[in-house]
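Work through the exercises below with the sequence and the model at hand. Each task is followed by its solution.

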Amino acid sequence: YVAVVEGVPKLKEARIDLPIIRNKKRPTTFLVDANGRESETYYKVLESNGLRSLVELKPVTGRTHQLRVHMKYIGCPIVGDIVYGDGDADRLYLHARELEITLPGGVRKVFTAELPAGFKRLLNDKV
């Protein structure tokens with residue numbers, strides 16, 4: 001995955017190993033909690049303008065909202081996230097760059113999609 005996040009993560013690349021649990025006060029959302037399920041994400045800052053950053057995100061586990069919750073927790077919510085950020089954008093700036101699946105019959109396929117032009121443009125805009 002690739003995302004545009006608010007701010008700049010403290011480390012250029014890191015592993016986020018924080019458990020996630022359903023938020024009892026808002027059951028359609030999730031949050032980091034010691035009683036949650038194991039959740040692990042690797043991130044790497046690809047580019048930054050000091051106010052926003054383009055990051056590569058690699059989830060190891062597949063928890064619901066994992067990438068969004070982890071990035072919010074480290075203080076860099078994904079731009080356009082109406083649930084975990086301020087939602088002040090035309091879309092959620094999270095992009096699945098590559099998807100690998102196993103089709104019926106055991107055939108593995110990899111699908112790729114170029115980064116939308118708006119991602120880079122967002123980094124060049126004045127915030």
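**Exercise 1.** Find which charged group lies over the face of Y93.

Solution. A charge sits over a ring if NZ of Lys or CZ of Arg is within 6 Å of the ring centre and within 35 degrees of the ring normal. R91 lies over the face of Y93, 5.3 Å from the ring centre. The model is predicted: local features need pLDDT of at least 70, side-chain atom pairs count only at pLDDT 80 or more, and totals for chains, interfaces and linings use all residues. Residues are numbered from 1 along each chain as its sequence is written, and side-chain values use heavy atoms, with hydrogens and water left out.

**Exercise 2.** Find the aromatic pair and classify its geometry.

Solution. Rings of Phe, Tyr and Trp (its six-membered ring) pair if their centres lie within 6.5 Å; planes under 30 degrees apart count as stacked, over 60 as edge-to-face and the rest as tilted. The whole structure holds one such pair. The ring centres of Y93 and F119 are 5.0 Å apart and the planes meet at 55°, so the pair is tilted. Y93 is in the loop between helix 1 (66-73) and strand 7 (94-95), and F119 is in helix 2 (residues 117-124), so the pair ties together parts 26 residues apart in sequence. Helices (H or I, at least four residues) and strands (E, at least two) are DSSP runs, numbered from the N terminus.

**Exercise 3.** Are Y93 and F119 buried or exposed?

Solution. Buried means under 20% relative accessible area, exposed over 50%, partly exposed in between (1.4 Å probe, protein chains only). Y93 has 6% and is buried; F119, at 0%, is also buried.
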